[in-house]
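Hello,

Here is the structure for you to look through. My notes follow below.

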Amino acid sequence: MQSELERREQSEKITWQEFKIEDLFDVTGTKSLDSNAVDFVETGINFVGRSSDNNGVQGKTEKQSFPPNDAFTITSAVVGQKYVNFQDEPYYCSQNINKLTPKCILTRWNKFVAYYFVVNIQKFAAKYEDQYMDMCSMILKNIS
């Protein structure tokens, strides 16, 4: 019996491929704030650090002299433990965090698609826990 996934692959003409991260996302560093110098407030803009707790959000901070990062992007720590998180609100970052902004090739971008990528990027990144990681050189593979 044909599975639902196989049926949809055929009816929607889905083909699985390998992509480099840079084919799917614009990968950029983020302008950072020193997490030790951030004043947290009740309401404000999310502050994202190198953590997996609460999607990396460590609290909220006042608007800074530069604009926050856009919502609906993925953040990835590039030193130490490699935390990968999806941000659904505008945010500021601590040091050593890259931002992955989806390119037009990802036509159905939403939080569910984003979490698919978060899981796969995190799985790859975990192999390189204590090394600096150039996100652009990674290759996403379809994991069944």
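Strand 6 (residues 73-77) pairs with strand 7 in the antiparallel sense, over four bridges. Within this pairing, T73 stands opposite Q87 in strand 7. Strands here are DSSP runs of E, at least two residues, and helices are runs of H or I, at least four residues, numbered from the N terminus. Two strands pair if DSSP finds at least two bridges between them.

This is a predicted model: local features need pLDDT of at least 70, side-chain atom pairs count only at pLDDT 80 or more, and totals for chains, interfaces and linings use all residues. Residues are numbered from 1 along each chain as its sequence is written, and side-chain values use heavy atoms, with hydrogens and water left out.

Next, the rings. The whole structure holds nine aromatic pairs. Rings of Phe, Tyr and Trp (its six-membered ring) pair if their centres lie within 6.5 Å; planes under 30 degrees apart are stacked, over 60 edge-to-face, the rest tilted. F25 and W109 have ring centres 5.7 Å apart and planes at 80°, so this pair is edge-to-face. F25 is in strand 2 and W109 in the loop between strand 9 and helix 3, 84 residues apart. Both are buried, meaning under 20% relative accessible area, with exposed over 50% and partly exposed in between (1.4 Å probe, protein chains only). F86 and W109 also pair edge-to-face, at 6.4 Å and 70°.

Best wishes
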